[in-house]
Amino acid sequence: MIKPIYLLGSSVLRDVAKEVDLNDKEGIAALIQDLKDTLKASEGVGLASPQIGVSSRVVIVNGDDLKDTFDYLEGFERVIINPVIVEESEKISEYEEGCLSVPGVYCSVRRPASIKLEYYNENLEKVSEEFSGFACRMVQHELDHLDGVVFVDKVAPIRKKIIAKKLQSISKGNIHTKYKSKI
C-alpha cells in the first residue's frame, strides 16, 4: 500500500528505529510491500521505514532508475533489515544528495567510499555484503534514517545557513510534493 512520506519536522524521522522482530514474518512482509509501493510511487531510489512513519530498522534501495548514469545499478535492489555496518573505508567520497523527506533540497555530503554491512534480506536470511560507488551512498543515506539522521545534518555549516529557510518551510508543511506526504 502506498503510504505518505513523512517530511523533515516529523518526530519519527528523529527517533532511533527499533530492531525488527524476525519472527513477525507477516508484519515484515507487509512493511516491505508498503516500502516498495511507496518508493515506486514517489520515484525515489531509497526509502527507510521511518519515512513512512514506522520506527523499524528496515530500508529498501533500488538503483534501476539510475542505470543510465551508473550502469552497475541495473537490477540493483536490496531490502535491508536490522543492518549493522561492520567496516567503513577510510577513503571518503563526496556527492550531492537529495531526499524524499526533504523535497527540493540537494547538498554535497561526505561519506565513506565503501562499507561492509551485515543484515537480513527480504527472505530473512543473514547477509554480509560490501557496497561501493553510488550503491554505497544510497545504502548509507537510508541507514542514517534508522538512527534519526537526515542528510542535511551532514552538510557544511555554511550550506546549512543557506538552506535554513527552505528547511523551515518544509518542517512547517509549506511544500508541495508529487507524492503523498505529511509532517
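1. Helices (H or I, at least four residues) and strands (E, at least two) are taken here as DSSP runs, numbered from the N terminus. On that basis the secondary structure of the protein comes to three helices and nine strands, and from the N terminus on, the elements follow the order β-α-β-β-β-β-β-β-β-α-α-β. The radius of gyration, taken over C-alpha atoms, is 16 Å, close to the 16 Å that the globule rule gives for 183 residues, so the protein is as compact as a globular protein of that length; the rule itself is 2.2 Å times the number of residues to the power 0.38.

2. A word on the basis of these remarks: this is a predicted model, in which local features need pLDDT of at least 70 and side-chain atom pairs count only at pLDDT 80 or more, whereas totals for chains, interfaces and linings use all residues. Residues are numbered from 1 along each chain as its sequence is written, and side-chain values use heavy atoms, with hydrogens and water left out.

3. As to overall dimensions, the C-alpha trace spans about 45 × 35 × 30 Å along its principal axes. Of the 183 residues, 45% count as buried, where buried means under 20% relative accessible area, exposed over 50%, and partly exposed in between (1.4 Å probe, protein chains only). The protein exposes about 9,700 Å², of which carbon and sulfur atoms supply 46%; these areas come from the Shrake-Rupley method with a 1.4 Å probe. Among contacts (heavy atoms within 4.5 Å) with a separation of 6 or more, residues 24 or more positions apart account for 66%.

4. On charge, the mean positions of the 25 positive and 29 negative charges are 9 Å apart. Lys and Arg count as positive and Asp and Glu as negative, while His and the chain ends are not counted; the place of each charge is taken as NZ of Lys, CZ of Arg, CG of Asp or CD of Glu.

5. The pairing around strand β4 (residues 77-88) deserves attention, with two strands said to pair if DSSP finds at least two bridges between them. Strand β3 (residues 58-62) pairs with β4 in the antiparallel sense over five bridges, and Val58 has Ile81 of β4 as its bridge partner. β4 also pairs with β7 in the antiparallel sense, again over five bridges; here Glu88 stands opposite Ile115, and Glu87 stands opposite Lys116.

6. With strand β8 (residues 126-132), β7 pairs in the antiparallel sense over seven bridges, and Glu118 is placed opposite Ser128 of β8.

7. Leu124, which is not a glycine, has a positive phi of about 65°; it lies in the loop between β7 and β8, a hairpin with five residues between the strands, and is partly exposed, with a relative accessible area of 21%. Asn82, likewise not a glycine, has a positive phi of about 50°, but Asn82 lies within strand β4 and is buried, with a relative accessible area of 8%.

8. Val105 is found in strand β6 (residues 102-112) and is buried, with a relative accessible area of 3%. Not counting residues up to four places away in sequence, Val105 touches Glu97, Gly98, Cys99, Phe151, Val152, Ile163, Lys166, Leu167 and Ile170.

9. Lys36, in helix α1 (residues 25-42), is partly exposed, with a relative accessible area of 22%. Leaving aside residues up to four places away in sequence, Lys36 touches Ile60, Glu77, Val79 and Glu122. Lys36 and Val79 are 43 residues apart in sequence and 9.2 Å apart in space, C-alpha to C-alpha.
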